[in-house]
Amino acid sequence: MHIIIIGAGPGGYETAVEAAKKGIEVTLVSEGPVGGTCLNEGCIPTKTLWKSASLLEEMRRAAEFGISAGTPGIDAADGAVAPSIDLEKAMERKEAVTAQLRAGIEFLLKNKLIRLVRGHASFKAAEKGVCVTVCGAEGECEEICADKAIIASGSTPATLPVEGKDLPGVLNSSELLDIREIPRRLCIIGAGVIGLEFASIFRSFGSEVAVVEYCRDILPRFDTDLAKRLKQQLGKKGISIETSAAVQSIGAGEDGSLRVNYLKKDKECSIEADKVLMAVGRRPRVDSLNLEAVGVEYGPKGIVTDGCMRTSNPDIYAIGDVRGKMMLAHVASFEGKRALNSILGEDADDGIDFGIIPAAVFTLPEAATVGLSEDECKLAGRAVRCSKSQYRSNGKALSLGESEGWCKIVSDAESGEILGCHLFGAHASDLVHEIAALMKCHAGLGELHSLIHAHPTLAEVLMAAE
């Protein structure tokens with residue numbers, strides 16, 4: 001069997017490696033660097049900068065822990081200085097991390113059953129199986145045919161259709177990751193995951209940060225209680241957040257500054273900034289695949305698939321951001337597993353539960369979620385119990401100086417089965433996986449409360465939720 005995979009992000013390259021392990025010949029087409037958006041323009045670069053920001057925040061609080069940091073040759077007690085960020089070195093580290101991981105992926109792809117082809121792929125009609133035309137950067141093209149195809153072409157940053165969106169200084173997330181000077185004033189349009197992560201990072205770096213969000217709450221798809229509490233914590237960090245605010249236009253000042261104009265409760269407002277980040281989500285990368293030629297149904301929200309990731313063309317599958325569902329790297333990876341299992345006729349018992357997908361937001365503090373929110377349960381008319389706990393009651397959190405945090409576990413009111421978990425605070429992105437594992441086993445609050453947790457640990461925050 002021969003499979004063409006379009007896109008070498010986590011969904012594409014991991015599926016290629018897994019297919020090769022099963023003896024399947026794979027042609028992997030990559031228009032950009034291997035690793036896709038996650039490695040090169042998203043998850044990994046932002047987390048390396050997040051680490052710089054979080055370390056900077058810890059250093060600023062060093063005195064709380066009885067630690068003084070002074071300049072070389074000067075007694076720390078007499079010559080303590082405030083820590084600062086060397087953005088150039090932070091960016092160099094970011095690039096080194098991505099380069100190392102990219103090299104690791106390229107090593108994995110050195111398999112006799114995997115052929116990596118650089119270029120842009122578009123479908124063409126075929127009497128049997130599937131065919132694509134791949135054109136490289138120099139204009140050279142080749143036709144490749146196979147038994148099946150998996151589309152993993154990812155997504156691109158979305159943009160609001162407002163006046164001034166193309167002005168110099170209006171950046172998308174990829175462009176902000178390559179900035180070489182910390183803006184004194186940064187305005188972020190959009191309070192989703194991307195916008196809030198950059199807000200936290202650049203606030204720690206020293207920028208004045210203002211966030212403008214169209215929806216009533218930040219993180220519109222997250223639990224309402226979590227969103228409100230996290231908003232308060234970000235406000236304490238000095239991040240200004242305006243919700244229920246509709247951006248109308250972006251204007252340019254004579255001094256090179258920018259003005260973001262928005263409506264809030266029918267009142268015209270504006271924010272002055274040196275840089276503006278457009279963080280209003282991402283859109284599936286489908287436009288140039290020539291899907292019409294092979295009868296693949298798609299729309300503005302992405303390619304339509306069934307639960308096996310199969311498109312309207314039975315020989316073509318789609319995974320990851322291009323489906324327009326949950327645009328997360330780990331989701332793309334498991335959708336790739338499902339697609340491959342379907343191609344091999346093994347999808348019926350693959351054990352993957354797409355109803356249990358942990359998600360994390362690397363703000364300062366972190367936030368994480370898995371499963372259903374209280375709001376979703378109410379909309380479905382499902383009676384639930386919400387159990388809550390606070391980080392400030394946890395011994396490990398207090399010893400770490402991380403007392404700001406909160407946990408909420410949603411369970412079925414009758415059976416006690418855990419339906420979801422929502423939390424923010426130190427290591428929230430790690431803690432949420434304990435609840436995901438319990439949900440996978442259909443466990444209830446009783447099982448969580450009877451599970452012995454080591455003391456003192458942050459995981460006790462979960463056990464304490466009542």
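Two strands are said to pair if DSSP finds at least two bridges between them, and this idea will guide the reader through much of the model, which is a predicted one. With that definition in hand, consider strand β24 (residues 406-412) and strand β25 (residues 418-424), which pair in the antiparallel sense over six bridges. Within this pair, W406 stands opposite F424 in β25.

These two strands belong to an open sheet of five strands, whose order is β21-β22-β25-β24-β23 and whose pairing is antiparallel. At the edges of this sheet lie β21 (359-361) and β23 (384-390), each of which pairs on one side only. From one strand to the next, the twist averages 15°. As a general point that helps when looking at any sheet, the side chains in a regular strand alternate between the two faces of the sheet.

A second sheet can now be set beside this one. It is an open sheet of five strands in the order β9-β16-β10-β11-β12, and here the pairing is parallel. Its edge strands are β9 (170-171) and β12 (240-242), and each of them pairs on one side only. Strand β10 (residues 185-189) is joined in turn to strand β11 (residues 208-212) by five bridges, the two strands running parallel, and R185 stands opposite E208 in β11. Against this sheet packs helix α7 (residues 193-205), which touches β10, β11 and β16 (275-278), and the direction of the helix makes about 165° with that of β11.

The axes of helix α1 (residues 10-21) and helix α9 (residues 329-343) come within 8 Å and cross at roughly 35°, and α1 passes α9 in a right-handed crossing. On the side of α1 the contact is made by P10, G11, E14, T15, E18 and A19, while α9 contributes A329, A332, S333, G336, K337 and L340. Sorted by class, the residues of this contact are five nonpolar, four polar and three charged.

Having followed the strands and helices, the reader may turn to the spaces between the atoms. A search of the whole structure finds one cavity of 30 Å³ or more, and the largest cavity has a volume of about 40 Å³. Its lining is formed by P157, A158, N172, S173, I194, M278, A279, V280, G281 and R282, which divide into six nonpolar, three polar and one charged.

By class, the lining of the second largest pocket has six nonpolar, six polar and 10 charged residues.

Technical notes. Residues numbered from 1 in each chain as written. Predicted model: local features only at pLDDT ≥ 70, side-chain atom pairs only at ≥ 80, totals over all residues. Heavy atoms only, no water. 1 Å grid on protein atoms, 1.4 Å probe; cavity = no way out; pocket = protein on both sides within 12 Å on 5 of 7 lines; lining within 4 Å. Points joined across faces, edges and corners; volume = space filled by probe spheres on them. Nonpolar A, V, L, I, M, F, W, Y, C, P; charged D, E, K, R; others polar. Helix = DSSP H or I, 4+ residues; strand = E, 2+ residues; numbered from the N terminus. Contact = heavy atoms within 4.5 Å. Axes fitted to C-alpha atoms, helices over the stretch in contact; angles between N-to-C directions. Left-handed = near helix turned anticlockwise from the far one by under 90°.
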